[in-house]
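Biologist: I am new to this structure. Could you show me how to read it, one feature at a time?

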There are 2 protein chains.
Amino acid sequence: MSFEVCILGSGAALPTSLRNPTSQYVKCNDRHILIDCGEGTQVQLRKRHIHIQKISHILISHLHGDHFFGLVGLLSSLHLLGRDKGLTIYGPEELEQIIRLQLEAGGTSLGFDLHFMPLNGNEHKLIFEDKLIEIWTFPLRHRIPTNGFLIREKIRERKLDAERFREAGLSLTLIPKLKQGLDVVLDSGETIYFDDYTYPQKPGKSYAFCSDTIFDEHIVEYIKKADVLYHEATFLNDKLKRAKQTFHSTAGQAATIARQAKVGKLLLGHLSARYENGLKHLEEASVVFPNTQVVEDGDVYKV
Amino acid sequence: MSFEVCILGSGAALPTSLRNPTSQYVKCNDRHILIDCGEGTQVQLRKRHIHIQKISHILISHLHGDHFFGLVGLLSSLHLLGRDKGLTIYGPEELEQIIRLQLEAGGTSLGFDLHFMPLNGNEHKLIFEDKLIEIWTFPLRHRIPTNGFLIREKIRERKLDAERFREAGLSLTLIPKLKQGLDVVLDSGETIYFDDYTYPQKPGKSYAFCSDTIFDEHIVEYIKKADVLYHEATFLNDKLKRAKQTFHSTAGQAATIARQAKVGKLLLGHLSARYENGLKHLEEASVVFPNTQVVEDGDVYKV
C-alpha cells in the first residue's frame, strides 16, 4: 500500500520555465488521481514517467485557466494512445461544455467514456468511494466557485497475528472474516474471536488540497488532522491586502490553517511568478507551523 | 529590416519532452506574428525571451488541439501582464466561441480588444496587409478545414544612390518621393527623375507555412518561389498509406512540393512522436530537395 503525491505544477497564474501551473498526481492504494490540470500537465506527466492511462479520476478545483487549460490536451493524448477505459472528471459544470466543444471542433470522438460529475464549489460531500479510498470535496473561497479536495485511505482490514493464528492450527479459510472484524463459530460450536487473532491497523491516511482560496477558517473543519495538507501560498504577509483583493492566501495564512487543523505536514505551492524561489514563504510559514515545505515541480511526497 | 522564424514547437499530436506541439513565431519587418499555438507555447516563448506583448497577429491553421490548445492560456497571460493593445486572431470560426467560453467560465474580461477574422480553409486570399508586410491564407487538405499561410515582405522603397544624390547637391526633402518612385518637378521647372538617383531593392521575401496536410500539388501555386517553406512531414515514405489515411505528408512528399514550388529552402516539422530524431526525414527529403532542414524546438531561421 502506498500513498504519495507528485507535484506536476507548483506555480500560479503565469507559468514560468521553473514552475508549471497547478497539477498534482496522487497515487493512493493503487488508485490514480489527477488534481487540476494546468497547461503543460501532460508533458510533466511524461517527464515523471507516470503511466497516464492508469489515471481514473480527474478533479478540477475551478475554472481559472492555470488549473485546467491542459485538460483537453491530456484527454486527446489519452485517446490517441488508445485508451478504452472510462474516465471520470469532477469539476465545475461548465467544464463539460468547454471540453465537448473543443473535441467536436477537432472532429475527435473519444475512444473511451468520459463521465462528468459537476461540483458547485459550495458543498462538503463524499464524491467517490470504493473499497480502498474516499474522495471528498469541500468549499474554498475564491473569486469563482472553487472546490477543495480530500483523499482518504479507507480504514483497512485488521492485521492477522500470523504467529498466534498458526499456533492455534486454525483453517486458513477463517482469515478473511477475522480480518474484517467478524467472530466465527466453528462446526464444533467453538467461537473464534477476531480480536484474539487480529489487531487493528492504523487509521487510513488523508491528503487535503486547497488551491485557490482566500484565508478562510471554515476550511479547518474539512481538513482536520489530515496527514498532509497542500495549501496555496500565492503571496507573503507583506502582500496581505493584495492576497485579500485577489482571494488568495499568504504563506503565513496557510500555516495558520495548518496549525488550526492540526495537520501532520504542510506543503505550500501556487507561488506567484514574482518570487524567484520559496525561501521567504518557508521562513514565514515555519514560524507558525514548523513542519512545512515549499513544493517544487517534480517533488514527490509520501502521505 | 529582418525576417526570421523561431520554431516554438516541432512535434505532432503527442507532445514529448523534446518536441512541443506546433507553434512558430515570425518576426517580419517589425511585425510580430504567431502561427499556431499548441499547448505550452507561452512557456516556449518565455524560454526564447520573446517579448510576447509585441505579437499583434495570431494565425491558427486548424482546430486539432496540437495547433491551438495553448491559445487561451497565452491570451490569459497577455491579459495578466497588462496588455491593452488589440490583437487579431485569424482562424476557424468555432475558435471564437471556444475562447470566449473559457474566458467567461474563469470570469476573465480581457483588458484588450480581441478581434477575430474567420477563415474557412477553402480560400486563397490576402488577410492582412500594411506598408511592410502581407499575410495570405490558402487551403490545405486535412481531415478538418485547414489553412496554410504565407507571409511576404512588401516590395520595399527604392534605395537611394547616396553618392550621386550628394554630388547633385539636391535638397534632402526630395528623398521620400524619389524612394517611392516619383519624379519631382522643382520650382525652377527642372524635373528630377527618380531612377537617376535610386535603384530598386530586391523583391520582398516570403515564408510559407503548410501544416497539416496530405500531399497536395494544388499547394504549389500558392507558395511558388517562397524563400522558405515549412511543410509538415509527420511520416516517412514507408508509412505512405498511414500518411494518406490520416491526411498527413511524408518527408519525401514535402520535398516534392518544395521542388515543384521552386522554393529556396525547405523546413520539415510536425514529426510523429514515434521518431526519435529527424535523421531519416532529412535523408529522405534531401534526395528530392537538397536544401532541406529538419527543425527542432528553439531553432531560428532567417528568411
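This is a predicted model: local features need pLDDT of at least 70, side-chain atom pairs count only at pLDDT 80 or more; totals for chains, interfaces and linings use all residues.

Biologist: Start with the strand. How do side chains sit on a strand in general, and which residues of S15(A) point which way?

Modeller: In a regular strand, side chains alternate between the two faces of the sheet. Now the case here. Val228(A), Tyr230(A) and Glu232(A) point one way from S15(A). Leu229(A) and His231(A) point the other way.

Biologist: Are those residues buried or exposed?

Modeller: Buried, on both sides. Here buried means under 20% relative accessible area. Strand S15 of chain A covers residues 228-232, and five of its five residues are buried, so the strand is largely enclosed by the rest of the structure.

Biologist: Which strand pairs with S15(A) over four bridges, and in what sense?

Modeller: That is strand S14 of chain A, residues 206-210, and the pairing is parallel. For one landmark, find Phe209(A): its bridge partner in S15(A) is Tyr230(A).

Biologist: And how many bridges join S15(A) to strand S16 of chain A?

Modeller: Five, and these two strands also run parallel. S16(A) spans residues 265-269. Look for His231(A) here: its bridge partner in S16(A) is Leu268(A).

Biologist: How is the size of an interface given?

Modeller: Often as the accessible area lost when the parts come together. Between chain A and chain B, the buried area is about 2700 Å². Carbon and sulfur atoms give 66% of that.

Biologist: Which elements of chain A give two or more residues to the side that touches chain B?

Modeller: Helix H1 (41-47), helix H2 (71-80) and helix H3 (94-105) of chain A. H3(A) gives the most, with six residues.

Biologist: How many residues are in contact, and what polar links are there?

Modeller: 32 residues of chain A are in contact with 32 residues of chain B. Eight residue pairs are in polar contact between the chains. The count of salt bridges between them is zero.

Biologist: Why can we say that the copies meet through the same surface?

Modeller: Because 100% of the interface residues of chain A are also interface residues in chain B.

How values were computed: Residues are numbered from 1 along each chain as its sequence is written. Chains are lettered from A and ligands numbered from 1 in the order in which they are written. Side-chain values use heavy atoms; hydrogens and water are left out. Buried means under 20% relative accessible area, exposed over 50%, partly exposed in between (1.4 Å probe, protein chains only). Two strands pair if DSSP finds at least two bridges between them. Contact means heavy atoms within 4.5 Å. Buried area is the accessible area (1.4 Å probe) that two parts lose on being put together, summed over both. A salt bridge is a side-chain nitrogen of Lys or Arg within 4 Å of a carboxyl oxygen of Asp or Glu. A polar contact is a pair of N or O atoms within 3.5 Å; within protein, one must be able to donate a hydrogen and the other to accept it, and residues adjacent in sequence count only if both atoms are side-chain atoms.
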